[in-house]
Amino acid sequence: VGEPVSVSRLPRNLSRLSKGAEHLLFVGPAVFLLLAIVIFPLVYTFVASLYNWDLGQMLDFVGFGNYLNQFRDPNFWLAMFVTLQMTVLSVGLEFVIGLGLAILVNRELRALQPVIRTALLIPLFTAPVVVGSTFRMLLDPQFGVLQFVFNIRGFAPTATDPFALLTVVAGDVWQWTPFMFIIFLAALQGVPRDTIEAARVDGASGWQQTRFVLLPQIAYAIVVALLLRLMDALKIFDVIVTLTRGGPGRSTEDATFAIYRLGLENFYTGDAAAFSWILVVILSVLVGILFRQIHGRYKLV
Amino acid sequence: VIGAILIIFAAVYLFPTFWMVLTSLKKRADIFTWPPTFLPSSIGLQHYVELVQNRDLLPHLISSLIVTAAGALIATTLGTLAAYGLVRLRWPRELNRQLSLWVLSLRMMPPISALIPMVILWGHLHLVDSYLGLILAYIFFPLPLAIWLMQIFLSSIPEEITEAAQVEGASHFQTLLRVVVPLARPGLATTMLLSANLIWNEFLFASQLSGSKTATLPVLIAGFLGDRAMDWGPLAAAGTISVLPMVLIAVIAQRHIVAGLTLGAVKD
């Protein structure tokens, strides 16, 4: 009784196999490259993180010693704190300004939209090193035009403690607020006018219309925009290098910059690798939780 | 009133870029002066000339062009292939979904974590300061983006069209090449542009993996920033040269760019 079944099953399995092979032909190259360029280095970093590996010399196996060193190092915690500050401030400001601007432009000025959108496209296509060096030029203590506008000649915000971090945030906000704005404007334009109209007729105030009618309808766009920006803001580097070089002291060294210093300037490869892995684990957990939350409510892919 | 406020906002927003371009055209004496000059008495291209003569502008520019073109092309090609596989070859569905999520999650990976081992490995493989090594490393940035974007573009093409091609006996590869690619041209352009933007402006990888032969524009720009007094003129000129092509393309292809940026975040 079993014979005919297995015979009839055979060709189906075969065709499945060839389908699988075809699948591999399309998806394979990309996946292979991603494994080679993203995942393999990650594995390599993990191995490196278990060794005492200084100045290009792999010395001895130390297990999780490098990790313990990081946790004991106040600079590690400082870098984490700086990363947190920069991320929260940047993404927060980008969100508030981008959303506010999108609501305004969407409500009032259909005619001006192309002009404003074009103006806001420029920062998105500017290299972060150019953003950093331009802001540094604008804020030059001797000849900076902002020093002139605010009458603060001689003051160097990029080298003064609480201000340095804010200048980095300002650079990031300048560059990325347009991203939020463009997404939100497109989302708002997809909201049917009559739902707002209906709310207005029912006596909802402008704030109520926005909060309870408009925002829920663009919730998906808000979530995705925040997620995408969050993933990038946690890794700010170029603007820091060109604007403050991590200074003054270490007050603008975020995680990426600290790892760069540790591994690529001072050649403590093992320590830098351990720090990298801690960062990867934190980001994975964070983004994993967010993905799960979001994916439950909206389908991401 | 709101219109006026927005116009002022746009002007303030454009100011950093405007100031950079203006500085790149000012004479030295007009840059290092107080109060700053908003309307310089004369403008000229002397800083650009200096970049070409003393700062190897052209080699940096050519290097940036090579790496960007190659990287964007590879990412778009492989991304389109993968996206077609994920969207149209529905076996096995759950695997496809997991793969898509995995690709999306790669965008979170900190580049610095990949860079440290790359520096070591590329050193062993003699890939440091070679175009091959740089282009290979640059797959890191655009490929996840390209797969994600093309997946959304391709899933907007009606399945009946590709199925019709299949019924007529075309292989999946032929379907992709003859049917899907012509239909997805705007999507391909968008993906290509956004990929190119990522590579053109990248600094961290370039600073470590390129060298005297292959250094890109961002490396040149960051190189100006010593701890000493800065030479703003040539720096602003280099910044202008870096920004100009990308911004021009972005403004011309604005419709595509906006479509690409909002894709996936804004559902139709």
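Which residues have the most contacts inside the largest nonpolar core? In this predicted model, they are Phe125(A), Phe181(A), Phe275(A) and Phe205(B). The core has 182 residues. A nonpolar core is a set of buried Ala, Val, Leu, Ile, Met, Phe, Trp, Tyr and Cys residues joined through side-chain atoms within 4.5 Å. Buried means under 20% relative accessible area (1.4 Å probe, protein chains only). Helix α7 of chain A, residues 161-189, gives the most to this core, with 14 residues. Helices are DSSP runs of H or I with at least four residues; strands are runs of E with at least two.

Phe275(A) touches Gln70(A), Phe76(A), Ala79(A), Met80(A), Ala255(A), Ala258(A), Ile259(A) and Leu262(A), leaving out residues up to four places away in sequence. Contact means heavy atoms within 4.5 Å.

Chain B has 15 helices and zero strands. Of its 268 residues, 56% count as buried. Its C-alpha atoms fill a box of roughly 75 × 60 × 30 Å along the principal axes.

Within chain B, the axes of α10 (residues 172-183) and α11 (residues 185-200) come within 4 Å and cross at roughly 75 degrees. Axes are lines fitted to C-alpha atoms over the stretch in contact, with angles from 0 to 180 degrees between N-to-C directions. α10(B) and α11(B) are therefore roughly perpendicular, a term covering 65 to 115 degrees. Val181(B), Pro182(B) and Leu183(B) meet Arg185(B), Pro186(B) and Leu188(B).

Residues are numbered from 1 along each chain, and chains are lettered from A in the order written. Local features need pLDDT of at least 70, side-chain atom pairs need 80 or more, totals use all residues, and side-chain values use heavy atoms without hydrogens or water.

Notes. Angles under 35 degrees count as roughly parallel, over 145 as roughly antiparallel, 65 to 115 as roughly perpendicular and the rest as oblique. Buried means under 20% relative accessible area, exposed over 50%, partly exposed in between (1.4 Å probe, protein chains only).
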